[in-house]
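Please look over the sequence and the model shown here before reading on. The report that follows takes up a few places in turn and then the chain as a whole.

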Amino acid sequence: MAGWVNAAAMAAALLVGHCAAAASAETCPHEGALGTSRVLSVDPKHYPRVGLKSFPDTLPLHDGEVVLTFDDGPSPPMTNEVLAALARECVRATFFLVGKPASGRAALVQRIAAEGHTIGHHSFTHAHFAHITPEQAVEEIDRGIAADEKALNGIETTTPSTPFFRFPYFESTPAALDLLASRGIAVFGADLWASDWNPMSPQQTLKLLTSRLNQARKGIILLHDPQPRTAAMLPAFLRYLKEHGYRVVHVVPAKTDEPPQQHSERPSGAATPPLEGG
């Protein structure tokens with residue numbers, strides 16, 4: 001009985017915390033905007049690797065919920081256009097930054113954070129981890145985190161303020177995965193993407209992304225903020241989400257005193273690891 005009461009209390013505390021965060025996220029000065037429906041805190045201890053394109057598990061999203069993630073920035077002016085589109089709809093996303101461009105664009109990195117988005121890490125040079133040595137992989141991870149942190153907080157450290165990492169091209173290796181796990185850093189894959197690295201018009205990108213979303217019904221979405229086609233199609237995609245009843249979830253790092261969340265199971269027919277992306 002005591003165990004049931006403790007579990008119930010833990011669940012209630014988690015629910016209250018998420019409801020309060022969601023209420024804050026929904027405060028939006030733009031009438032009719034899509035908004036951010038709730039905030040989901042992610043503890044790397046309980047969600048060390050997420051994204052069904054690469055791993056067996058993903059985030060605990062409900063039907064119709066999406067997490068927007070952007071890779072390869074910061075890159076003006078496209079990143080600025082993406083931020084403007086998100087701001088108009090009061091939507092918060094996660095940006096996985098490449099350390100080398102971030103190191104020379106501190107003001108843009110700080111703007112991303114100031115507008116409420118989560119900053120994750122995407123290596124220093126966007127290297128192919130499958131084609132470098134383990135020592136080079138460690139350097140890519142550490143230099144990337146240090147550059148992002150220097151741009152964001154003015155302090156060069158390999159301890160990330162947000163312990164989220166995504167491998168370029170989703171090319172994880174067992175050694176690099178073990179390293180990140182040992183340092184308490186969650187690895188993000190994706191559940192679906194727009195293939196926006198391929199030459200397409202914004203309209204074609206939007207059609208491809210929405211068709212995949214309508215099949216998956218939920219998930220972590222991979223986009224690339226430096227891509228002009230992505231910046232151009234994003235306002236229409238955000239309108240599509242609102243018009244079709246989708247809800248945006250903002251992921252943030254869990255606080256150390258938060259209770260664990262129930263782990264999700266991989267749905268049947270989940271995709272196999274990709275050969276492209278990131």
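## A buried histidine

The side chains of H122 and H126 make a polar contact of 3.3 Å, where a polar contact is a pair of N or O atoms within 3.5 Å and, within protein, one atom must be able to donate a hydrogen and the other to accept it, residues adjacent in sequence counting only if both atoms are side-chain atoms. The side chain of H122 also reaches the backbone oxygen of R166, at 2.7 Å. H122 is found in the loop between strand 5 (118–121) and helix 5 (134–153), and with a relative accessible area of 0% H122 is buried. Buried stands for under 20% relative accessible area, exposed for over 50% and partly exposed for what lies in between, with a 1.4 Å probe and protein chains only.

This is a predicted model, in which local features need pLDDT of at least 70 and side-chain atom pairs count only at pLDDT 80 or more, while totals for chains, interfaces and linings use all residues. Residues are numbered from 1 along each chain as its sequence is written, and side-chain values use heavy atoms, with hydrogens and water left out.

## Helix 8 and its surroundings

Helix 8 (residues 228–243) has 16 residues and reaches 24 Å from its first C-alpha to its last, close to the 22 Å expected at 1.5 Å a residue, the expected span being 1.5 Å times one less than the number of residues. Helices (H or I, at least four residues) and strands (E, at least two) are DSSP runs, numbered from the N terminus. Helix 8 bends by about 45 degrees at L234, with a proline, P235, following within four residues; the bend is the angle between axes fitted to the seven residues ending at a position and the seven starting there. Just after helix 8, G245 takes a positive phi of about 80 degrees.

The buried residues of helix 8 are R229, T230, A231, M233, L234, F237, L238, Y240 and L241. They pack against strand 3 (65–71), helix 2 (78–88), helix 7 (202–216), strand 9 (219–224) and strand 10 (247–253).

## R229 within helix 8

R229 has its place in helix 8 and is buried, with a relative accessible area of 16%. The side chain of R229 reaches the backbone oxygen of M200 at 3.0 Å, and a polar contact of 2.8 Å joins the side chains of R229 and Q227. Leaving aside neighbours within four places in sequence, R229 is in contact (heavy atoms within 4.5 Å) with D196, W197, N198, P199, M200, P202 and T205. R229 and L206, 23 residues apart in sequence, are 9.2 Å apart in space, C-alpha to C-alpha.

## Nonpolar cores

A nonpolar core is a set of buried Ala, Val, Leu, Ile, Met, Phe, Trp, Tyr and Cys residues joined through side-chain atoms within 4.5 Å. The largest such core has 36 residues, and those with the most contacts inside it are L68, F70, L86, F95, F237 and L241. At least two residues of this core come from each of strand 3, helix 2, strand 4 (94–97), helix 4 (106–114), helix 5, helix 7, strand 9 and helix 8, and helix 8 gives the largest share, seven residues.

Not counting residues up to four places away in sequence, L86 touches L68, F70, V91, A93, F95, H117, L234 and L238. A second, separate core of 14 residues includes V42, F96, A186 and I220.

## Aromatic pairs

The structure holds eight aromatic pairs; rings of Phe, Tyr and Trp (its six-membered ring) pair if their centres lie within 6.5 Å, and planes under 30 degrees apart count as stacked, over 60 as edge-to-face and the rest as tilted. F70 and F95 form a stacked pair, 5.1 Å centre to centre with 20 degrees between the planes. This pair links distant parts of the chain, with F70 in strand 3 and F95 in strand 4, 25 residues apart. F70 is buried at a relative accessible area of 0%, and F95 counts as buried at 0% relative accessibility.

F96 and F188 form a tilted pair, 5.5 Å centre to centre with 50 degrees between the planes. F96 lies in strand 4 and F188 in strand 7 (residues 186–188), so the pair ties together parts that are 92 residues apart in sequence. Both F96 and F188 are buried, and F96, F164 and F188 form one aromatic cluster.

## The chain as a whole

The chain has eight helices and ten strands, and buried residues make up 49% of its 278 residues. Among contacts between residues at least 6 apart in sequence, 76% join residues at least 24 apart.
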